[in-house]
Amino acid sequence: MESSSATLRLPRRVRSAALAAIGGTQLEPELAWMSWAGTVWRLAGASGAVFVKRAADLGGERDRLAWLRGRLPVPELVGFYHAAGDDWLVTREIVGVPLYHPSVGWSPELVARAFGEILRAIHQTDAMDCPFGVSKRGHVLIHGDYCLPNVLVSAGRLTGLIDVGGTGLGDPRQDLAAGVWTLQYNFGTGFARHFLDAYGVPSMTDQEIERLRRKYGR
Ligand SMILES: Nc1ncnc2c1ncn2[C@@H]1O[C@H](COP(=O)(O)OP(=O)(O)O)[C@@H](O)[C@H]1O
Ligand SMILES: [Mg+2]
């Protein structure tokens, strides 16, 4: 099975850090996620679970996790390693479900609204001393990849922000573009308006929304 071969590929130091964090002697691994950038495993033990992320360069994400702690709900950093030619980031599991997931139990409109409100709160975070990004007029603390899978909720409330490698001072439109893009990707057209409205952007035409969506990833 995929998951057992994934365990074998875990470098020794990563494996023992994960085991120490979850208080176990045996790991029950699951492949959680694969993207163009890397692979993420969820490892469960006797007392909880951690996520192990493997990619070429995760130093920036590690540094941001440390800075964000206490400012926004980000995962606790358990360990960071370089092995087998890649970086390995181990974080403790945040309980919750990614916002795109049907088990959240909300209509797409409600998801879009919550997604907008959460983003407004992120952008309002006091980030005067943020060492990441570019400090200039109009810039705020942005997530940097504000997509539905990177926002976890539980019982109707935000529990975690994941994937913070691009977080820092930046143009708020970057997160708005990602938000519009991911809502259309998951739910089809028509929900961006609720997202933008809940965030507090003045009303936009369909054409303007589409132009914003196309800015994502550029
Ligand atoms: N600490 C964590 N707690 C809960 N879920 C996590 C955690 N880390 C990662 N995940 C889950 O794994 C997925 C992929 O992790 P992520 O860091 O976003 O990788 P990628 O950069 O490939 O998108 C997330 O969308 C989330 O569902
Ligand atoms: Mg992600």
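**Helices around α5**

Start with α5 and helix α7 (residues 206-213): their axes come within 8 Å and cross at roughly 100°. That makes α5 roughly perpendicular to α7 (65 to 115 degrees counts as roughly perpendicular, under 35 as roughly parallel, over 145 as roughly antiparallel, and the rest as oblique). The axes here are lines fitted to C-alpha atoms, for helices over the stretch in contact, and the angles run from 0 to 180 degrees between N-to-C directions. The helices (H or I, at least four residues) and strands (E, at least two) are DSSP runs, numbered from the N terminus.

Before going further, keep in mind that this is a predicted model, where local features need pLDDT of at least 70 and side-chain atom pairs count only at pLDDT 80 or more, while totals for chains, interfaces and linings use all residues. Residues are numbered from 1 along each chain as its sequence is written, with chains lettered from A and ligands numbered from 1 in the order in which they are written.

Which residues of α5 and α7 meet? From α5 come R173, L176, A177, V180, W181 and Q184, and from α7 come I209, L212 and R213; contact here means C-beta atoms, placed from the backbone, within 7 Å. This contact divides into 6 nonpolar, 1 polar and 2 charged residues (Ala, Val, Leu, Ile, Met, Phe, Trp, Tyr, Cys and Pro count as nonpolar, Asp, Glu, Lys and Arg as charged, and the others, Gly among them, as polar).

Now look at α5 with helix α6 (residues 192-199): they pack at about 145°, axes 9 Å apart. L176, G179, V180, L183 and Q184 of α5 touch A192, F195, L196 and Y199 of α6. That contact has 7 nonpolar and 2 polar residues, and no charged ones.

Helix α5 (residues 172-187) also packs with helix α4 (residues 108-123), at an angle of about 165° and with the axes 11 Å apart. The pair is therefore roughly antiparallel. On the α4 side you'll find P108, A112, F115, L119 and H123, which meet P172, D175, G179, L183 and F187 in α5. Sorted by class, that gives 7 nonpolar, 2 polar and 1 charged residues.

Zooming out, the chain splits into domain 1 (2-92) and domain 2 (97-213), with bounds that come from an automatic or database domain assignment. Their centres, taken over C-alpha atoms, are 25 Å apart. Each domain gives 12 residues to the contact; the domain 1 side has 8 nonpolar, 1 polar and 3 charged.

Finally, what surrounds ligand 1? There are 19 residues around it, the closest being W33, S35, F51, P75 and D163 (near means a C-beta atom, placed from the backbone, within 6 Å). Strands β1 (28-34), β2 (38-45) and β3 (48-55) are the elements that give two or more residues to this shell. The shell comprises 11 nonpolar, 5 polar and 3 charged residues, and domain 1 and domain 2 each supply at least three residues.

Definitions and conventions
Two residues are in contact if their C-beta atoms, placed from the backbone, lie within 7 Å.
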